[in-house]
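Open the model in your viewer and keep the sequence panel beside it. This tour tells you what to select at each stop and what to look for there.

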Amino acid sequence: MQEYKIRIYRDSYNRDRWHTFTVGYKESDLCIGIDRASYVPEMVPFAARTLKNLRLEMETYLSGDPTYAVILTPYLPAAGAPEILVRMAEAAATAGVGPMAAVAGAVAETVCRCIREEFGCREVIVENGGDIYADIAEGIDIPVFAGPSPLSEKVGIFIPEGGRMGICTSSGTVGPSLSFGMADAVMVVCTDTGLADSYATAFANRIHTKKDVNAVIAEIRKIPAVTGAICIKDDMFGICGDYGLKIWKQTSGR
């Protein structure tokens, strides 16, 4: 399995539009983009504290409910669980996967919303291991990193208008995350990032050869909550949803 190279995403930020910085705590490694007019240095320690406190809250609950962290099928936490774990479990159950399938996207969304609320930024985008939550005022290009595929970073989507959305990618050939398939990439866009993350995992599990791509795209089309998706396996890709196809000859940026 090819190592996921996060710098490919992070180096592609449009520096005229975004001021970027990174914060991390244990496995969480976030790259945060703020529109340049809104950025202030106080955002960096605030984001770091928010991430650490969020992770500690989650870990405290999981120490008493270890099943939540390892189960691969839908599972609801006990009463009194942190809100983020409840939202993750509900999203994952909708997609038919275990709740930790939603963790990267849910963390990205929670940190993004906290920054937006605290500082009133015009635009914020938070990327966590390739899973993105974007609260944007203008359109954005999203290339898909698909590891060994010749289509990697050559195809993606163009989201023409601003809004709040989760843009999450799962792969069976790139990175450390568990997948039961061999997709090079499945990118899913939803308004809820935990749901996008869960659906990306669920559909990546179903792609083993490029012959599976069309059938999976057909299934994704049936889901109203998914506003866009791309599936890539080898030299084959499928796309559906509300957004336009974007093609790059060279690695491009946001």
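**Stop 1: strands S4 and S5**

Select S4 and S5: ten bridges pair them in the antiparallel sense. Two strands pair here if DSSP finds at least two bridges between them. Helices (H or I, at least four residues) and strands (E, at least two) are DSSP runs, numbered from the N terminus.

Before going on, note that this is a predicted model, in which local features need pLDDT of at least 70 and side-chain atom pairs count only at pLDDT 80 or more, while totals for chains, interfaces and linings use all residues. Residues are numbered from 1 along each chain as its sequence is written, and side-chain values use heavy atoms, with hydrogens and water left out.

Now pick Pro-143 and find its bridge partner in S5, Gly-156. Next, show the loop between S4 (131-143) and S5 (155-170), where Ser-152 is found.

Is Ser-152 buried or exposed? At 10% relative accessibility, Ser-152 counts as buried. Buried means under 20% relative accessible area, exposed over 50%, and partly exposed in between (1.4 Å probe, protein chains only).

Draw a distance from the side chain of Ser-152 to the backbone nitrogen of Ala-146: it is 2.8 Å. Then show what Ser-152 touches, not counting residues up to four places away in sequence: Val-144, Phe-145, Ala-146 and Gly-147. Contact means heavy atoms within 4.5 Å.

**Stop 2**

Ile-157 stands opposite Leu-245 in S9.

Five bridges join S6 to S5, and the two run antiparallel. Here Ser-170 stands opposite Val-186 in S6.

**Stop 3: Cys-168 and the cysteines**

Stay in S5 and select Cys-168. Cys-168 counts as buried, at 0% relative accessibility. Show its contacts, leaving aside neighbours within four places in sequence. Among them are Gly-105, Asp-131, Ile-132, Val-188, Thr-193 and Ala-200.

Now select Tyr-199. It is 31 residues from Cys-168 in sequence, and 8.7 Å away in space, C-alpha to C-alpha.

How many disulfides are there? A disulfide is a pair of cysteine sulfur atoms within 2.5 Å, and by this rule the count comes to zero. Cys-168 is in no disulfide; the nearest cysteine sulfur, that of Cys-190, is 8.0 Å away.

Go to Cys-240 next. Its sulfur is 7.1 Å from the closest cysteine sulfur, in Cys-231, which is too far for a bond. Cys-240 counts as buried, at 10% relative accessibility.

**Stop 4**

Select S1 (residues 18-25) and S2: they pair in the antiparallel sense over eight bridges. Thr-20 stands opposite Gly-33 in S2. Two residues lie between the strands of this hairpin, where Lys-26 takes a positive phi near 50°.

Gly-33 stands opposite Ile-125 in S3.

Why is S2 largely enclosed by the rest of the structure? Seven of the eight residues of S2 (residues 28-35) are buried, so the rest of the structure largely encloses it.

**Stop 4: the nonpolar cores**

A nonpolar core is a set of buried Ala, Val, Leu, Ile, Met, Phe, Trp, Tyr and Cys residues joined through side-chain atoms within 4.5 Å. The largest one has 31 residues, of which Ile-32 and Ile-115 touch the most other members. S1, S2, H2 (43-64), H4 (83-95), H5 (103-119) and S3 each give two or more residues to this core. The largest share, eight residues, comes from H2.

Another core, of 27 residues, lies apart from that one; its members include Ala-91, Cys-168, Ala-183 and Cys-231.

**Stop 5: helix H7**

Finish at H7 (residues 213-220). Which of its residues are buried? They are Val-213, Val-216, Ile-217 and Ile-220. They cover an arc of only 100° around the axis, which puts them on the same side of H7. The arc is that of the directions from the helix axis to the C-beta atoms.

Show what these buried residues pack against: helix H6 (193-204), strand S7 (228-233) and strand S8 (236-241).

Key
A polar contact is a pair of N or O atoms within 3.5 Å; within protein, one must be able to donate a hydrogen and the other to accept it, and residues adjacent in sequence count only if both atoms are side-chain atoms.
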